[in-house]
Amino acid sequence: MKRILGIVASPRILGNCEILTRVIMDAAGSNNKMEMIRLTNLDIKGCRACYTCLPKEVPCVIEDDLNFLLDKICVSDAVVIAAPCYILGPHSCIKKLQDRFVSIGNKYEQFSGKPCVTLTTYGAPGWEGYTEPALNLTARFLNLNMVDSAVFLGAHPGEVIESPDNLKRARQLGRALFDPGYERTAKANECPVCWSNILKYEGKNIICPFCGTRGEIKVEGEKARLVFYPKSDHRFSEEGRRRHFDAFLNGKKQEFLNKRQYYKKLQSPYRNNLYWVTPD
Ligand SMILES: Cc1cc2nc3c(=O)[nH]c(=O)nc-3n(C[C@H](O)[C@H](O)[C@H](O)COP(=O)(O)O)c2cc1C
């Protein structure tokens with residue numbers, strides 16, 4: 001018996017994310033223990049930028065439901081993460097959660113390698129925006145083993161399962177969770193490291209804004225194609241995390257502590273700011 005956790009980042013009861021998460025979990029096999037969490041119902045507070053959590057042994061000091069969620073992921077054998085597209089990106093509860101991942105950037109071993117699939121729902125053709133690669137960051141920063149991710153079109157609650165193709169794809173994701181032989185089909189022109197199809201451009205060079213992989217646009221006659229040069233020490237690799245969450249952030253914290261008085265001076269002309277307004 002395996003434990004599967006479904007994390008649903010939609011407030012909509014019996015909405016598309018909820019139903020597809022169920023379809024995926026049910027397809028993963030019989031006799032599994034299933035649990036679902038509606039992320040929008042959890043109390044996940046915003047990161048306070050205190051950086052107290054940087055040492056490996058110090059958890060986030062904010063008291064809310066983050067640890068409940070992380071503990072549930074820890075005891076799961078596989079995770080399904082679902083989010084609807086809201087204004088071209090994932091529902092804001094996903095960003096709020098991701099912001100808290102500074103606290104687990106160097107404490108990810110407990111989640112490492114658990115198979116994960118993600119699903120994005122969206123309602124307007126062509127309006128899926130950056131939802132899928134942004135949602136996938138959730139799994140990447142937890143160091144889950146991303147097996148596959150998919151995007152499903154459907155506006156009304158339940159509309160996604162009107163399409164037999166959607167149901168088929170969701171069941172495929174479910175079966176993939178515990179299938180070591182499953183091979184995901186790469187999409188054209190996606191980043192080979194994090195699968196993002198969103199890019200930044202520097203002349204003819206391309207940069208994946210999510211994992212930082214660089215590449216270039218190769219023009220051959222009338223045709224252009226993207227060529228990526230993946231590196232093993234990318235942002236989500238062990239080395240990449242150590243560089244950012246241990247070396248860089250701790251270095252910045254120490255720098256701030258050393259230059260505290262200097263920054264106080266820099267800030268001083270702005271200290272008597274009378275422009276702030278608040279609701280009554
Ligand atoms: C506030 C809000 C913003 C939305 N923005 C988008 C959007 O930018 N692009 C899009 O394709 N659909 C958008 N939608 C539609 C939802 O993504 C779509 O209905 C989705 O299936 C909802 O999934 P759910 O039923 O699991 O909540 C939006 C819906 C809401 C409520």
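Which residue in S9 does Ile206 stand opposite? The structure is a predicted model, in which local features need pLDDT of at least 70 and side-chain atom pairs count only at pLDDT 80 or more, while totals for chains, interfaces and linings use all residues. Residues are numbered from 1 along each chain as its sequence is written.

Ile206 stands opposite Gly215 in S9. Helices (H or I, at least four residues) and strands (E, at least two) are DSSP runs, numbered from the N terminus. Strand S8 (residues 205-207) and strand S9 (residues 214-220) pair in the antiparallel sense over 3 bridges; two strands pair if DSSP finds at least two bridges between them. The hairpin of S8 and S9 has 6 residues between the strands, and Gly212 takes a positive phi near 85° there.

On its other pairing, S9 is joined by 7 bridges to strand S10 (residues 223-229), and the two run antiparallel. Here Gly215 stands opposite Phe228 in S10. The hairpin of S9 and S10 has 2 residues between the strands, with Gly221 at a positive phi near 65°. S8 also pairs with S7 in the antiparallel sense, over 3 bridges, and Tyr201 stands opposite Ile206 in S8.

Together, 4 strands form an open sheet in the order S7-S8-S9-S10, with antiparallel pairing. Its edge strands are strand S7 (200-202) and S10, each of which pairs on one side only. From one strand to the next the twist averages 30°.

A helix pair was also examined. The axes of H1 and helix H5 (residues 164-176) come within 7 Å and cross at roughly 50°; axes are lines fitted to C-alpha atoms, for helices over the stretch in contact, and angles run from 0 to 180 degrees between N-to-C directions. H1 and H5 are therefore oblique to each other, the term for angles that are not under 35 degrees (roughly parallel), over 145 (roughly antiparallel) or 65 to 115 (roughly perpendicular).

The ligand is surrounded by 20 residues, of which the closest are Gly15, Cys17, Pro84, Gly123 and Trp127; a residue is near a molecule if its C-beta atom, placed from the backbone, lies within 6 Å of it. Helix H1 (16-27), strand S3 (78-86) and strand S5 (115-122) are the elements that give two or more residues to this shell. S3 gives the most, with 3 residues.
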